Amino acid sequence: MPVISIFSSIFCEKKPVIDALLETTGYRRVLDEELIERAAALSGMDKKKIASAMDDKTSIFNKFTHEKERATAWLRLATAEIIGEEALLIEGFCGQLIPQSISHVLRVCIIAEVKHRIAVAMKQGLSEKEAVHRIRKADEDRAAWVNALHKIQDPWEYSLYDIVVPTDKMSPEDSVAQIMENLRNEVIQPTDASRRAAADFVLSAKISVELARQGHNADVSARDGAVTITINQNVLMLARLEEELKSIAETVDGVKSVDTRIGKGFYRADIYRKYDFEVPKLLLVDDEREFVHTLSERLLMRDMSSAVAYDGESALDIISEDEPEVMLLDLKMPGIDGIEVLRQVKQTRPE
């Protein structure tokens, strides 16, 4: 049976549509929460860190740690492993991870005009200001996720879906009828080719997590055991990196061959860095900007990642939102001085 993938946002009145679909099809509903649990169990990562991959806000340490990319790799594997079950309704962010090559997935977008969504939110007791704020944040998260995966700015872009259901213009009954009509379409039915594509998805996801385990971040695709790894960042010793990536991929069962290629991002100014999981995340706090920038650059030359704050207030904000493990703290600073920063940090983060 085909799989249904539904991507939506808040206050789009999707519940009656999804409930009716589940009743009509008898499908099992799979939410992001289930796949986050599965990814956490597979990886040993904290569930909150897995879930944070779907947030538009990225940690200031992510360019060194690749935590967001690692979490996404494990979510991709968790999603790939359930696709073989078929008869599923996958609702949420993780449906965007399913490659277009798996043709027995009906991709559905449920959305409504912002004006309509604000009205729905206000009926539920929110003020207009709060409704606008929550809708904007939810849509920003979805836009960041879609852009990270597909390099498309608009999360509601028609090319991403087989059907776009505007709930402010269609009744739930009409919406379900349209989805069911498409679900019965011969083009959406599982075939040997689409099942092989699902198996390729599992293989490429397994390779992605193996690369992530060893500190690498690269795009992986597979077709009948032939694997292609795409390097999207500039690297000083390309041949050495290619050999290392190939040697990792070749350890995964089912791999018949491995090829590497350069992606569009290879010619950007940023440099590819393998992440060393043993190196702590450093926060440097000093109001002398030239000094602290020089120190940060010297540490980076020694493969030690660091973030920079120029005052005590900024340092406290970073600590409340991120997870630095070591802080190098200047004592004499304007505003909140280093002693006060240390006192507050030791109360909330004694480690």
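Q: Is Phe 11 buried or exposed?
A: Phe 11 is buried, at a relative accessible area of 12%, where buried means under 20% relative accessible area, exposed over 50% and partly exposed in between, with a 1.4 Å probe and protein chains only. This is a predicted model, in which local features need pLDDT of at least 70 and side-chain atom pairs count only at pLDDT 80 or more, while totals for chains, interfaces and linings use all residues. Residues are numbered from 1 along each chain as its sequence is written, and side-chain values use heavy atoms, with hydrogens and water left out.

Q: Where does Phe 11 lie, and what about its phi?
A: Phe 11 lies in the loop between β1 (3-8) and α1 (15-25), helices (H or I, at least four residues) and strands (E, at least two) being DSSP runs numbered from the N terminus. Although Phe 11 is not a glycine, its phi is positive, at about 60°.

Q: And Asp 224, what is its phi, and where does it lie?
A: Asp 224, a residue other than glycine, has a positive phi near 50°, and it lies in the loop between β6 (219-223) and β7 (226-231). Asp 224 counts as partly exposed, because its relative accessibility is 42%.

Q: Switching topic, how many disulfides does the structure hold?
A: The structure holds zero disulfides, a disulfide being a pair of cysteine sulfur atoms within 2.5 Å. For Cys 94, which is in no disulfide, the nearest cysteine sulfur is that of Cys 109, 16 Å away.

Q: What is the strand order in the open sheet of three strands?
A: The order is β10-β9-β11, with parallel pairing, where two strands pair if DSSP finds at least two bridges between them. The edge strands, each pairing on one side only, are β10 (306-309) and β11 (326-329), and the twist from one strand to the next averages 20°.

Q: How many bridges between β9 and β11, and which helix packs on the sheet?
A: Strand β9 (residues 282-285) pairs with β11 in the parallel sense over four bridges, and Leu 284 has Leu 328 in β11 as its bridge partner. Helix α11 (residues 289-301) packs on the sheet and touches β9, β10 and β11, contact meaning heavy atoms within 4.5 Å. The direction of α11 makes about 160° with that of β9, with axes as lines fitted to C-alpha atoms, for helices over the stretch in contact, and angles running from 0 to 180 degrees between N-to-C directions.
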